[in-house]
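Trainee: I am new to this structure. Please pick one part, look at it closely, and then show me what lies around it and beyond it.

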Amino acid sequence: MKHSVKFDLLPNKVKGDIAGCMSIRMRVSYAGKRPDLLIGYSIEPEKWNKETMRAVPGTKNKFKQSANEINKAIAKNETWIDEFFTKFELLENRTPNESELKDAHKIFLGKEVKRGETKQDETNPVNFYHIYDKYINEQSLLNSWSKSHKNRHQSIKNVLMEYKPDLSFNDVTKEMMISFLNHLFNGDLCNTTISKILSLFRNFLYWASGEGYYTGNQHIKFKPKLKGSDGSHKAVIYLTWDELITLYNLKFPAKKRYLEHVRDVFCFCCFTGLRYSDAFNLSKADVQKERISVITQKTVDPLYIELNEYSTALLKKYESYPIDKALPVISNQKMNEYIKELGELAGFTTPTKLIHFKNNERIEEIYPKYKVLSTHCGRRTFIVLALTLGIPLAVIMKWTGHKSYASMKPYIKIVDSLKEEEMKKFNKKISEPDKLPENELSN
């Protein structure tokens, strides 16, 4: 956005006389406007260089502030004004008015913005949601948010609008947060979903507080303890080795041949630990002689995953696939739908219990296994089977991109449980005739 800046001295009149020191002003010219902003420093005229628009080096004003300190402040104001207009051009796509410029500059200087001259008129309820939009647009640009993360914040803004269309920052108190929590409970949401909504809403309030829009403390204070919100009760859905091999070798009736591509992609995830998004983006150029090279979409980490005979066979099957993709991956939504159909065709009907909490109520639901399968089960299957085979945890994490051992605890717990069940096979009761003779026992 085109603008220019000029620093000059503004006479300070005291009882009709001009004081020895004069305030340094920053005159900003843009879109036909020329507002003056005081930078918080003053200096005597003889110590000011009009051409360089700086204090004369080596001098001090009557408040003992050095020219070096004053000139640094001028340079910071120059940098700030450039960032301010760049931000408006990229994120707002409009010209700021003088009030917005002056209030933003006050906050930059650390001054309090009084009621009635806030960055946005908080008596106007629309502004809360306007600022939320600004937050989404700005942070998605600065932090490279994924489309799904941006959509999550948009959904939370919509939930808040449903709760209170005329919400303002002044409304965000402890009482309002409790009321909003009850609204979410009445919406028949499970506690894990509510916990995520509150967490993302607090993130917005943190940002709004830092930008000077919100002066409350609910982003720090309001952290209710919701049952099951830590996700520790969630079942890890995966395929056993027998189930995976059954699926891998599954023959399809003529009317179900459309499931073959889905089966192959899902099995590939089971044999490599890839997420759906990374399998979708896998190109033929990513396939090397004995491994695949992946830059993950979620964490943007480079991964190198060695191939085994199953994953290699699946890749070879699609070597002549007419496009650059290594595998015929369809949309995630459609694939999740077809995976359930695959599981039913393969006979995966083991009763599977799912537990979730709504407020204080524990809810248990039992489904046949095929109904709870999804694309992410492929990654989970890989981790559980790799641990069961005795592959070191550090190696598995190199393949999957997990960075903390804590994130692997649910899988380790499953494998420990499986080991216990296997050991029990040694404990089957022996009938009397099968008991070893005493003399053999003594030997």
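Mentor: Arg 275 lies in the loop between helix 9 (259-272) and helix 10 (276-281). Helices here are DSSP runs of H or I with at least four residues, strands are runs of E with at least two, and both are numbered from the N terminus. This is a predicted model, with local features needing pLDDT of at least 70 and side-chain atom pairs pLDDT 80 or more, while totals for chains, interfaces and linings use all residues. Residues are numbered from 1 along each chain as its sequence is written, and side-chain values use heavy atoms, without hydrogens or water.

Is Arg 275 buried or exposed? Arg 275 is buried, at a relative accessible area of 13%. Buried means under 20%, exposed over 50%, and partly exposed in between, with a 1.4 Å probe and protein chains only. Arg 275 is in contact with Cys 269, Thr 296, Lys 298 and Arg 379, leaving aside neighbours within four places in sequence. Contact means heavy atoms within 4.5 Å.

Helix 9 and helix 13 (residues 376-388) pack at about 35 degrees, their axes 6 Å apart. Axes are lines fitted to C-alpha atoms, for helices over the stretch in contact; angles run from 0 to 180 degrees between N-to-C directions. The crossing is right-handed: the near helix is turned clockwise from the far one by less than a right angle. By class, this contact has 6 nonpolar, 3 polar and 1 charged residues. Ala, Val, Leu, Ile, Met, Phe, Trp, Tyr, Cys and Pro count as nonpolar, Asp, Glu, Lys and Arg as charged, and the others, Gly among them, as polar.

Stay on helix 9 for Val 265. Val 265 is buried, with a relative accessible area of 2%. Val 265 touches Leu 327, Pro 328, Val 329 and Met 335, not counting residues up to four places away in sequence. Met 335 is 70 residues from Val 265 in sequence, yet their C-alpha atoms are 9.4 Å apart.

Now the strands. Strand 10 (residues 351-358) and strand 11 (residues 361-368) pair in the antiparallel sense over 8 bridges. Two strands pair if DSSP finds at least two bridges between them. Pro 351 stands opposite Pro 368 in strand 11. The hairpin has 2 residues between the strands, and Asn 359 there takes a positive phi near 55 degrees.

Elsewhere, 3 strands form an open antiparallel sheet in the order 1-4-5. Its edge strands are strand 1 (4-10) and strand 5 (36-43), each pairing on one side only. Neighbouring strands are turned by 25 degrees against each other on average, direction ignored. Strand 4 (residues 22-29) pairs with strand 5 over 5 bridges. Met 26 stands opposite Leu 37 in strand 5. Helix 2 (residues 98-108) packs on this sheet and touches strand 4 and strand 5. The direction of helix 2 makes about 35 degrees with that of strand 5.

Last, the rings. The structure holds 29 aromatic pairs. Phe 169 and Tyr 213 form a stacked one, 6.2 Å centre to centre, with 15 degrees between the planes. Rings of Phe, Tyr and Trp (its six-membered ring) pair if their centres lie within 6.5 Å; planes under 30 degrees apart count as stacked, over 60 as edge-to-face and the rest as tilted. Both Phe 169 and Tyr 213 are buried.
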